[in-house]
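Have a look at the fold first, and then we can go through the strands together.

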Amino acid sequence: MLLTKTTYRHSVIILFLFSHIISSAQKNNSSGSPLKEGIYYAYDNKYSQYYKYIVKGDEQVEYNLDKGDTTYYKINYLKNGAYTLKYQSSTDKKTASHLNLLNNHLIAYEIVSATNNYFVYRIYLDQIPDSKAESRYLAMDTMWMKEPPRLPRQILFGELTENLSYLKKHFKDTSGYAIVYFYRPGKFMAKLNEYYVYGENNLVYWARNSTRYAIKVFREGPFNLNAKSGNTESKLVLDVKRGRKYYVQCLIHHKVSKATPELQLVAEAEGREGYESS
């Protein structure tokens, strides 16, 4: 069966809302972060949008340079250069679900690496986990100290919202995107274990027992998938072509003290049956 619409909708909102948000630390802050007050830039490759961030003290102002929206956050500095953001307000109109998530959760940031020109970070919901045995971040991306050159607008991927009857009539070799179907078959063993599946370092599927999900991928070429649980990582590379369908079976193997993931690309007939029965 499917997860409830509300549960999956919330996971999608978390992914697409939080994955572009970023912060930097104030001058001489106690967290030991290498980041300073100033102006920073980011490019959201999923939506092909550019952002500008102004950080001063414990406040961050986020500007969407394509849509013109402004969002305000409060920064809390943690140890080892980490920090969290707390939503304050925004000029754009958000849905009730968006506001509920923003008002009731923190966005936590872990600095992966930093240079004089950029830094790489991971985003988590509420807090950074202590264990590295599993991948639990929502996204991993790069922040630049100077505005990067503008790239041709091309959205990487998005939620599949078209219904089945529409796809049967209109999804063809000439379509402007590919469809990637993810599913985890229902099994008794390790049924309570779950893991995150990432596409190009962005959360795309929450692999819980007997669930399914689908995305549209707009960019042709290699699409890198990975999942990590029980200190074991599974990787899969799709050679994406527009107008094609890909079925990814997300398995979990129960072992003595842990459960490990496995991502498999399966044939369309097998994948369609597995997806529809999950």
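Predicted model: local features only at pLDDT ≥ 70, side-chain atom pairs only at ≥ 80, totals over all residues.

Q: How many bridges pair β14 with strand β15, and in which sense?
A: Let's begin with strand β15, which covers residues 232–240. Its pairing with β14 is antiparallel, and the count of bridges is nine.

Q: Which residue in β15 is the bridge partner of N226?
A: Staying with this pair, we look across from N226 into β15. The bridge partner there is K235.

Q: Which residue in the hairpin of β14 and β15 takes a positive phi?
A: Two residues lie between the strands of this hairpin. A positive phi near 60° is found at G230.

Q: In what order do the five strands of the open sheet run?
A: Now to the open sheet, whose pairing is mixed. Its edge strands, each pairing on one side only, are β9 (157–159) and β17 (259–266). From one strand to the next the twist averages 25°. The order is β9-β13-β10-β16-β17.

Q: Which residue in β17 stands opposite Q249?
A: Strand β16 (residues 245–254) runs antiparallel to β17, and eight bridges join them. Opposite Q249, β17 places Q264.

Q: What angle does the direction of helix α4 make with that of β10?
A: Helix α4 (residues 268–276) packs on the sheet, touching β10 (178–184), β13 (211–217), β16 and β17. Taking its direction against that of β10 gives about 55°.

Note on methods: Residues numbered from 1 in each chain as written. Heavy atoms only, no water. Pairing = 2+ DSSP bridges. Helix = DSSP H or I, 4+ residues; strand = E, 2+ residues; numbered from the N terminus. Axes fitted to C-alpha atoms, helices over the stretch in contact; angles between N-to-C directions. Contact = heavy atoms within 4.5 Å.
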